[in-house]
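These are my notebook entries on one structure. I set down what I looked up, entry by entry.

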Amino acid sequence: MERFQRIVKSKRYQEEYEKLQNLEKERRFCRHDMEHFLSVARICYIFAMEKKIDVSVDIIYGTAFLHDLGRAMQYEKGISHEEAGAIIAEEILLECDYRPWERTIIIETIRNHRDIGGVNEEDFSEIFYRADKLSRDCMHCPVHEECYWPPEKKNNVYIR
């Protein structure tokens, strides 16, 4: 997890994260903070172990901590957060010694983390999608009824 630690300590990461937290300070819906990123990483890690998917902890945690980082650019410039996140991730991953094939996996997963293909539950991007959705406690959300997420994306079950 040494390379992952470099991600969260990088100047660019810190700047983007701080900007995102300031922009979401008054947000009523789910926020994109360390709690969310860590939950996604842990759930994804469990899925990877269960499915025996050969993916490193650095890739799992790197993807989780970068996947919503582009939201600040989305709020400020109207760029989709998945595309903005991919751009930011490329820069940060280069600084943190991720190999080209690892960067490709992470960046493509970030670009597609809002869409599920549904065909291969053994694919990293599929388990990442599921982890991202399961990380939210939609059942107890005070703005559940106002949420723009369609019912099939809301997490209405407890994770065991």
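**Entry 1: R71.** I began with the side chain of R71, which makes a polar contact with the side chain of H32 at 3.0 Å. I take a polar contact as a pair of N or O atoms within 3.5 Å; within protein, one must be able to donate a hydrogen and the other to accept it, and residues adjacent in sequence count only if both atoms are side-chain atoms. The model is a predicted one, in which local features need pLDDT of at least 70 and side-chain atom pairs count only at pLDDT 80 or more, while totals for chains, interfaces and linings use all residues. Residues are numbered from 1 along each chain as its sequence is written, and side-chain values use heavy atoms, with hydrogens and water left out.

I located R71 in helix α5, residues 71-77. Helices (H or I, at least four residues) and strands (E, at least two) are DSSP runs, numbered from the N terminus. Is R71 buried or exposed? I found R71 buried, with a relative accessible area of 8%. The terms are as follows: buried is under 20% relative accessible area, exposed is over 50%, and partly exposed lies in between (1.4 Å probe, protein chains only).

I then listed the contacts of R71, leaving aside its neighbours within four places in sequence: L20, E24, H32 and H81. Contact here means heavy atoms within 4.5 Å.

**Entry 2: salt bridges.** I noted that R71 also forms a salt bridge with D68, at 4.0 Å from N to O. The term covers a side-chain nitrogen of Lys or Arg within 4 Å of a carboxyl oxygen of Asp or Glu. In general, side chains of opposite charge can pair when their charged atoms come close. D68 is buried, at 3% relative accessibility.

How many salt bridges does a search of the whole structure find? I recorded 14.

One of them joins R12 and E91, whose closest N and O atoms are 2.4 Å apart. This pair links distant parts of the chain, since R12 is in helix α2 and E91 in helix α6, 79 residues apart. I found R12 buried, with a relative accessible area of 19%, whereas E91 is partly exposed at 33%.

Another salt bridge that I looked up is formed by R99 and E102, with the closest N and O atoms 3.1 Å apart. R99 is partly exposed, with a relative accessible area of 44%, and E102 is buried at 1%. Salt bridges that share partners join R3, D58, R99 and E102 into one network.

**Entry 3: helix α1.** Which residues of α1 (residues 2-9) are buried? I wrote down R3, F4, I7 and V8. Seen down the axis of α1, these buried residues fall within an arc of 145°, so they line one face of the helix. The arc is taken from the directions from the helix axis to the C-beta atoms. The exposed residues E2 and K9 sit on the face of α1 turned away from its buried side.

I next asked what the buried residues of α1 pack against. Their partners are α2 (11-23), α4 (57-66), α6 (81-95) and α7 (100-111).

**Entry 4: positive phi.** As a general rule, most residues other than glycine have a negative phi. I noted K52, which is not a glycine and yet has a positive phi of about 55°. K52 lies in the loop between α3 (34-51) and α4, and K52 is exposed, with a relative accessible area of 73%. D97, also a residue other than glycine, has a positive phi near 65°. I placed D97 in the loop between α6 and α7.

**Entry 5: surface patch.** Y45, I46 and M49 make a nonpolar surface patch of about 270 Å². Patches are made of residues with over 30% relative accessible area and no salt bridge; like charges are joined within 9 Å, and nonpolar side chains (Val, Leu, Ile, Met, Phe, Trp, Tyr) within 5 Å. I found I46 in helix α3, where I46 is partly exposed, with a relative accessible area of 41%.

**Entry 6: the whole chain.** I closed with the totals. The secondary structure of the protein chain comes to eight helices and zero strands. Buried residues make up 45% of the 160 residues. Of the contacts with a separation of 6 or more, 61% are between residues 24 or more positions apart. The accessible surface comes to about 8,900 Å², of which 51% belongs to carbon and sulfur atoms; areas come from the Shrake-Rupley method with a 1.4 Å probe, and for residues only the protein chains shown count as cover.
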